[in-house]
Amino acid sequence: MSGILETKQEGRVLRVWLSRAECRNLLTTQLCRELVQALDGAEKDAGIGSVLLAARGSAFCAGMDFSELASGDLEKVSRLQETLFTVGARLTKPLIASVQGQALGGGTGIVANCHVVIAAEDATFGLTGIRMGLWPFVFFHAVSVAVGERRALALTITGELLDAAEAARIGLVHHVVPSEELEPHAVELAQTVANYSSNTLRSGLGFVHELQGQPWRAAASAGRLLRDEFFKSPEFQASLKALRNWE
């Protein structure tokens with residue numbers, strides 16, 4: 001790691017921090033690459049049950065660092081961003097975001113990819129790229145899944161800023177807490193989730209990813225097949241036996 005991304009495993013939680021505090025954690029190609037590597041590594045590590053994503057400094061992420069685009073390989077950047085901004089539809093381990101300050105443009109895109117989002121009262125969100133003549137092509141779908149397509153379209157067209165309370169009202173954020181409670185609240189939730197059944201979470205998140213965009217009949221059929229397979233698993237049978245013995 002280059003120092004622009006920090007990671008630390010605490011029990012079954014992998015803690016990840018964006019660490020470009022001096023520039024509001026703007027996303028460079030290198031930062032995107034290291035974040036993708038960290039998340040993909042967590043997916044493959046049986047010792048990790050959840051990932052808690054946060055940021056150093058006063059802002060979570062103020063968007064992309066456009067200063068490198070003028071001289072960079074745009075196709076390479078685009079491929080990398082596509083990989084990053086679809087991570088929520090691939091991970092089968094819970095990805096939890098702890099958000100303070102600005103989460104704008106690509107920052108909102110990252111938030112929309114997280115399965116659970118906890119925000120400080122001072123957090124702000126917005127698809128602000130339109131102000132620079134940009135459209136959020138690579139993360140528009142993730143925001144649409146989070147808040148609905150029509151609302152995502154309005155946010156994109158207007159570039160308006162949302163406070164944490166409004167972001168929670170529309171479904172982009174799940175919990176809003178005072179700033180001083182953000183880290184302990186997020187850590188407690190990540191630790192709790194990390195100790196749930198990894199098999200259940202993997203099967204459940206995999207099922208959610210599979211059914212996206214399917215007609216309801218196909219989704220129900222896929223759900224039944226996965227459920228039947230899960231019911232036969234040794235882990236579920238052991239839980240069922242323990243429940244019967246308790247009764």
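These notebook entries record what I looked up in a predicted model.

**Entry 1. The sheet**

I began with the strand order. Six strands make up an open sheet, arranged β1-β2-β3-β4-β6-β9, and their pairing is mixed. I then asked which strands stand at the edges. They are β1 (5–10) and β9 (175–177); each has a single partner strand, so one side of each is left without a neighbour in the sheet. From one strand to the next I found a twist that averages 20 degrees.

**Entry 2. Strand β2 and its partners**

I followed β2 (residues 13–18) on both of its sides. Towards β1 the two strands run antiparallel and are joined by six bridges. Within this pairing, L5 has L18 of β2 as its bridge partner. The hairpin of β1 and β2 has two residues between the strands, and there G11 takes a positive phi near 65 degrees.

Towards β3 (residues 50–55), β2 pairs in the parallel sense, again over six bridges. I looked up two positions in this pairing. L18 has A55 as its bridge partner in β3, and V13 stands opposite S50 of β3.

I next checked how far β2 is shielded. Six of its six residues are buried, so β2 is largely enclosed by the rest of the structure. I noted the side-chain directions as well: V13, R15 and W17 point one way from the strand, while L14, V16 and L18 point the other way. The residues of both sets are buried, R15 included.

**Entry 3. The largest pocket**

I turned to the open space in the model. The largest pocket holds about 600 Å³. Its lining consists of 26 residues, and those nearest the centre are M64, F66, L134, W135 and F139. Which helix gives the most to this lining? It is α2 (residues 74–84), with four residues. By residue class, I recorded 17 nonpolar, seven polar and two charged residues in the lining.

**Entry 4. The second largest pocket**

The second largest pocket holds about 420 Å³. I listed 23 lining residues, with G88, A112, N113, V145 and Q212 nearest the centre. Three helices, α3 (106–113), α4 (140–147) and α8 (198–211), each supply at least two residues of this lining. Helix α4 gives the most, with four residues. The lining divides into 14 nonpolar and nine polar residues, with no charged residue. I set this beside the lining of the largest pocket, where two charged residues are present.

**Entry 5. F137**

Finally, I looked up F137, which sits in the loop between β7 (124–126) and α4. Is this phenylalanine buried or exposed? Its relative accessibility is 67%, and the cut-off for exposed is over 50%, so F137 counts as exposed.

Note on methods. Residues numbered from 1 in each chain as written. Predicted model: local features only at pLDDT ≥ 70, side-chain atom pairs only at ≥ 80, totals over all residues. Heavy atoms only, no water. 1 Å grid on protein atoms, 1.4 Å probe; cavity = no way out; pocket = protein on both sides within 12 Å on 5 of 7 lines; lining within 4 Å. Points joined across faces, edges and corners; volume = space filled by probe spheres on them. Nonpolar A, V, L, I, M, F, W, Y, C, P; charged D, E, K, R; others polar. Pairing = 2+ DSSP bridges. Axes fitted to C-alpha atoms, helices over the stretch in contact; angles between N-to-C directions. Buried < 20%, exposed > 50% of the residue type's maximum accessible area, 1.4 Å probe, protein only.
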